[in-house]
Amino acid sequence: MGQSSIDESSSSNTQTVKVARLRKVKNRLVAAAIATSGWLVLLTLGLLLWQLVIQVLPLARDVSISPKYQFAITPNESILYLGDVINSVPLVTMDKDCRVNFYSQSAGKSNSSLVKSKIIPALCTDQVKVKAYDGQLYLAILSHSGILRIEKLNQVDKHLFPELEMTLAVTDVEPVIKTDKFDFQLSANTIMLSVQQGQMWKVYSIDRRSKNEIDVVEVNNPEHLLLLPRIGQFIYVADSKLTTHDITSGRLNHIAFDQAISTLNVFPSQRSLFIGLQDKTLQKWSIVNAQGQLVFQPMYSMVTEYQPKNILIHQSENAAFITDQKNQLKIINYVTGEQVSDSFTEHISNQILLSQNLLYTVTNNTLNVFEVNSISAVNTIQSLWGKNSYEGYPQADYVWQTTSAADYHETKFSLVPLVIGSLKASFLALLIAVPLAVCAAIYTGFFAPERLRNWIKPSIEVLEAIPSVVLGFIAAIWLAPLAEQFILSLLLFVLLLPLVLFLFALLHHPLVQRLPQRFKQGWELPLASILLIGLGIFVYSITDVMSLASANLQGHWLLPIDTLENINKNTLVVALALGIAIVPSIYSLAEDAIYEVPNTLKQASSALGATRLQTLRKVVLILAYPGILSAIALGLGRAFGETMIVLMVTGNTPVADWNLLSGLRTLTANLAIEMPEAEVGSSHYQILFLTGLVLFLFTFVLNTFAELLRQWLRKNYQHG
């Protein structure tokens, strides 16, 4: 029997050891699984941050160019038009026999001589020009007798087919003249031609639709003359004075300079000029609308090392490629005037062309093709975060506008309107959500009976499960029309609500004392609800009376009724919808913080003679303060990162205006709107990732700050 007891004890001990080992193994496996899951979360967060940084890094590099191709060209031919041969735009030259030759890239070859694709005979007494407009080449031939012939060059399978655009007699004084020089420019509706005869220049304007001359203007001995048919003007320089001439109205605008103008370059959009002065100062002037008239105004000036010579404008980026008298090339952001590259001197000449991200130069019978690298780096901190002067804007401003009607329009990538929009939407939502959520949390966590709390808390928390797209849909379809119709009633309700609740709090205790015992607890909520419904009916009923009184008093009513009715309803709607969306998040954490204050402290406060309100203010709220702050910070982060509600309800107008009732566009809504249409790898695409990085960093810093503040407050109140 004794041996049997020993065996049973030994067996029991062995079983206990096995169970302990198994439990230890399970604990290690669970701990390893939890640790692995935690590290996977951190790894995922790190990969997300790394992907954002990788996409944004090109914005921090310098713009550079690197050799790509070389083409041998026929010697002793003057270049009429330097085309983008890589993208099937021909190189146009004139040989010594006065023939116009078109060269294209050989099929399947990238580093060889070019092949002639077309030859047009011409008389040596004629003058020939080739210009491009809207992706189309135009050939202009001015004969010695003053007859201008313009032909559109249609390209099919690398073959050019001339199509007559128009013929025009440019002089009616003498049948045969000798012209020294001519130039022409085209727009969608107008062709402008300038012809030099001795010291005199004649400027012709022709309507492309009717082929009729609009105007003929004579200009005496200008130093520079540029044709701007896109805006219906031409400009010329004489005696340190720049003059703009409107071809429709004949209006002249003179701009005097204190020194001679050495160079005059026009942007392809013909809405901006680069003016080089004799002291090596380069000024940018852009056109603005001044009381219905298009006039040029100065944007900025910069000092250059050498006198600028040629200035090329990038088609889709705010980049200007400037060559000087020393054949140095540097790249600037032409909106801010900041240099974004080192100077480049290799193979730079007078013949130079910029097409997308390819740069063409001609030196020693060789066509050199360079690739422009990291062109998105032209977007600087100033262009992204500072006030900038843009074409058409009378003063510097923060502007986000990424789409335009045509090429060569300035892109406006200021992030300030988007950040302001996100902050406005978030703080407007907090104005709605914090009073509702915190007051509800105080009621259910401190005043309400346990039975009533068990009904109210889950009912509010279940609202958090409603998808934000559903809330946005309801706000856009149902709430927005209501705000349009009852805007004044809604504002009056919000203004009168604190006063009504304060009066209710004063009258609550005397009223409850007169009720039977079974009605003394739990009936304050139905009474408050009835009071709020009554307030809503009251403000709605007096709105019509106030509007009528305001109309009868002809605008002398105390309240600005007309102004209230014309404010941005969408901003109020997004405040209400977004505020309601974040109420459950703030309420749940704040209510837990208030409810978890130990009952012993509440009872001790009551034993010392404190009222319930004094206990709430001196004990409960002080101990729950860190949790309430964390709840509000979480709600702010939730509002700042919300997408669908602000996307569906706001007008999505990116304006840098702190007026709480003006339009807005948030960072998240902008990402949802523009990311699908952004070209991968473009500046637009990378800047959208930058906004995502800003959004990530803001929420990360906000949550970190809230947690540190919560820990500091908890430590301070525990040991203070």
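Student: Where do I start? How many helices and strands are there in the protein?

Tutor: Start with the overall count. The protein has 14 helices and 30 strands. Of its 720 residues, 46% count as buried. Remember that the model is predicted.

Student: What share of the contacts joins residues 24 or more positions apart?

Tutor: Take the contacts with a separation of 6 or more. Residues 24 or more positions apart account for 54% of them.

Student: Now the strands. How do strands of a sheet pair?

Tutor: They pair through backbone hydrogen bonds, either parallel or antiparallel. Now look at a case here. Strand β1 (residues 64-72) and strand β28 (residues 366-373) run antiparallel, joined by eight bridges. Find Phe-71, then look across to β28: Leu-367 stands opposite.

Student: Which other strand pairs with β28?

Tutor: Strand β27 (residues 358-363) does, in the antiparallel sense, over six bridges. Here Tyr-360 stands opposite Val-369 in β28.

Student: What about the turn in the hairpin of β27 and β28? Which residue takes a positive phi?

Tutor: The hairpin has two residues between the strands, and Asn-364 takes a positive phi near 50°. Compare the hairpin of β11 and β12. Two residues lie between those strands, and Gly-198 takes a positive phi near 70°.

Student: How are β11 and β12 joined?

Tutor: Strand β11 (residues 190-197) runs antiparallel to β12, with eight bridges between them. Leu-193 has Tyr-204 in β12 as its bridge partner.

Student: Is β12 largely enclosed or left open?

Tutor: Count the buried residues. In strand β12 (residues 200-207), seven of the eight residues are buried, so the strand is largely enclosed by the rest of the structure.

Student: Next, a whole sheet. In what order do the strands of the open sheet from β14 to β17 stand?

Tutor: Read across the sheet. The order is β14-β15-β16-β17, four strands with antiparallel pairing. From one strand to the next, the twist averages 15°.

Student: Which residue stands opposite Leu-242?

Tutor: Ile-255 in β17 does. That belongs with the pairing of strand β16 (residues 241-246) and β17, which is antiparallel over five bridges.

Student: On to helices. At what angle do the axes of α3 and α4 cross?

Tutor: Compare the directions of the two axes. Helix α3 (residues 416-447) and helix α4 (residues 450-461) have axes that cross at roughly 150° and come within 9 Å. Angles over 145 degrees count as roughly antiparallel, so α3 is roughly antiparallel to α4. The crossing is left-handed.

Student: Which residues of α3 and α4 meet?

Tutor: From α3 come Ala-440, Tyr-443 and Thr-444; from α4 come Leu-452, Arg-453, Ile-456 and Ile-460. Sort the contact by class: five residues are nonpolar, one is polar and one is charged.

Student: Last, a single residue. Is Val-539 buried or exposed?

Tutor: Check its relative accessible area. The value is 2%, so Val-539 is buried. Val-539 is found in helix α7 (residues 524-552).

Student: Which residues does Val-539 touch?

Tutor: Leave out residues up to four places away in sequence. Val-539 then touches Ser-489, Leu-492, Phe-493 and Leu-496. Val-539 and Leu-496 are 43 residues apart along the chain, with their C-alpha atoms separated by 8.9 Å.

Terms used
Residues are numbered from 1 along each chain as its sequence is written. This is a predicted model: local features need pLDDT of at least 70, side-chain atom pairs count only at pLDDT 80 or more; totals for chains, interfaces and linings use all residues. Side-chain values use heavy atoms; hydrogens and water are left out. Buried means under 20% relative accessible area, exposed over 50%, partly exposed in between (1.4 Å probe, protein chains only). Contact means heavy atoms within 4.5 Å. Two strands pair if DSSP finds at least two bridges between them. Axes are lines fitted to C-alpha atoms, for helices over the stretch in contact, and angles run from 0 to 180 degrees between N-to-C directions. Angles under 35 degrees count as roughly parallel, over 145 as roughly antiparallel, 65 to 115 as roughly perpendicular and the rest as oblique. A crossing is left-handed if the near helix is turned anticlockwise from the far one by less than a right angle, and right-handed if clockwise. Ala, Val, Leu, Ile, Met, Phe, Trp, Tyr, Cys and Pro count as nonpolar, Asp, Glu, Lys and Arg as charged, and the others, Gly among them, as polar.
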